[in-house]
Amino acid sequence: MILSNFSKNRANKLSKMILPAIKEPLDIEILWLQYEDFNSPSEHFNNKLHKHTFYELHFVLEGKCIVTNNNLKEYTVLCGEAIIIPQNSPHIFKFNKELKRFSIAFTLPEDILPTDFFADFTIITLNDSIIENLNMFFEQADKNTVLSQYVIKNRLFEILFELLEFEEHINLHLTVQ
């Protein structure tokens with residue numbers, strides 16, 4: 001397990017947490033947080049080709065999963081990696097029973113983002129900062145105070161900032177070559 005603060009109990013608490021919509025400074029809405037252990041998949045798991053009007057961010061905590069887009073391109077996401085699935089992007093998951101993942105569904109305002117913000121499926125290797133932020137999610141699940149919801153939302157901002165920097169670095173690298 002890559003998270004030191006992870007526990008199934010904390011994961012279940014996070015999955016039930018309702019986070020308020022905060023309008024400042026960035027209009028972000030967290031639609032859901034969800035932990036899934038595919039040794040016993042939840043009733044919410046959708047293994048058919050589908051799409052959403054929101055972004056999905058899936059962190060692989062153990063095992064691996066394969067995400068296939070509508071062009072049949074496969075993305076293999078390993079333990080210690082995450083995949084961001086752009087809004088309105090058809091996809092389907094393949095998994096094995098060893099897969100344990102933590103997922104976040106969220107919306108972002110279109111008017112402040114670059115037009116190509118995560119326009120394609122993107123796999124990210126989790127760095128120490130992202131892992132620390134995820135650990136804070138699980139720590140806050142135990143505390144479950146009024147401020148816990150805001151801490152989680154702020155930590156998501158930090159993760160998104162890391163991902164945006166990652167994407168800018170990748171785009172810059174691809175442009176230079």
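Predicted model: local features only at pLDDT ≥ 70, side-chain atom pairs only at ≥ 80, totals over all residues.
**Entry 1**

Residues are numbered from 1 along each chain as its sequence is written, and side-chain values use heavy atoms, with hydrogens and water left out.

A note on names: helices (H or I, at least four residues) and strands (E, at least two) are DSSP runs, numbered from the N terminus. Two strands pair if DSSP finds at least two bridges between them.

I then looked up the strands around Asn69. Strand S3 (residues 64-69) and S6 run antiparallel and are joined by 5 bridges. They belong to an open sheet of 3 strands, in the order S4-S3-S6, with antiparallel pairing. Strand S4 (74-78) and strand S6 (91-95) are the edge strands, each pairing on one side only. From one strand to the next, the twist averages 25°; here axes are lines fitted to C-alpha atoms, for helices over the stretch in contact, and angles run from 0 to 180 degrees between N-to-C directions.

**Entry 2: the five-stranded sheet**

Next I followed another open sheet, with 5 strands in the order S1-S7-S2-S5-S8 and antiparallel pairing. S1 and strand S8 (122-125) stand at its edges with a single partner strand each, so one side of each has no neighbour in the sheet. The twist averages 20° from one strand to the next.

I checked one pairing in detail. S1 and strand S7 (residues 100-107) pair in the antiparallel sense over 8 bridges, and Glu29 has Thr107 as its bridge partner in S7.

Which strands does helix H1 lie across? Helix H1 (residues 8-16) lies across S1 and S7, and runs at about 150° to S1. Helix H2 (residues 128-143) lies across S1, S2, S7 and S8, running at about 90° to S7. For contact I used heavy atoms within 4.5 Å.

**Entry 3: Arg10 in H1**

I picked Arg10, which lies in helix H1. Is Arg10 buried or exposed? Its relative accessibility is 19%, so Arg10 counts as buried. The scale is: buried under 20% relative accessible area, exposed over 50%, partly exposed in between (1.4 Å probe, protein chains only).

Leaving aside neighbours within four places in sequence, Arg10 is in contact with Asn5, Phe138, Ala141 and Asp142. The side chains of Arg10 and Asp142 are joined by a polar contact of 2.6 Å. A polar contact is a pair of N or O atoms within 3.5 Å; within protein, one must be able to donate a hydrogen and the other to accept it, and residues adjacent in sequence count only if both atoms are side-chain atoms.

**Entry 4: the cores**

I looked for nonpolar cores, meaning sets of buried Ala, Val, Leu, Ile, Met, Phe, Trp, Tyr and Cys residues joined through side-chain atoms within 4.5 Å. The largest has 35 residues, and Leu14, Leu33, Phe59, Phe102, Ile104, Phe106 and Phe137 touch the most other members. The elements giving two or more residues to this core are H1, S1, S2, strand S5 (81-85), S7, H2 and helix H3 (146-176).

I took Ile104 as an example: apart from neighbours within four places in sequence, its contacts include Trp32, Leu57, Phe137 and Leu156. A second, separate core of 11 residues includes Val67, Tyr75, Ile83 and Ile85.

**Entry 5: aromatic rings**

I counted rings as paired when the centres lie within 6.5 Å, for Phe, Tyr and Trp (its six-membered ring); planes under 30 degrees apart are stacked, over 60 edge-to-face and the rest tilted. How many aromatic pairs does the whole structure hold? The search finds 8.

The ring centres of Phe6 and Tyr35 are 5.1 Å apart and their planes stand at 50°, so this pair is tilted. Phe6 is in the segment before H1 and Tyr35 in strand S1, 29 residues apart. Both Phe6 and Tyr35 are buried.

For Tyr55 and Phe106 the centres are 5.5 Å apart and the planes are at 15°, so this pair is stacked. Tyr55 lies in strand S2 and Phe106 in strand S7, so the pair ties together parts 51 residues apart in sequence. Tyr55 is buried at a relative accessible area of 5%, and Phe106 is buried at 0%.

I also noted a cluster linked by ring pairs: Phe6, Tyr35, Phe102, Phe137 and Phe138.

**Entry 6: a loop residue**

Last, I visited Asn47, in the loop between strand S1 (29-37) and strand S2 (55-62). Asn47 counts as partly exposed because its relative accessibility is 47%. Not counting residues up to four places away in sequence, Asn47 touches Ile92 and Phe93. The C-alpha atoms of Asn47 and Lys94 are separated by 7.3 Å, with the two residues 47 apart along the chain.
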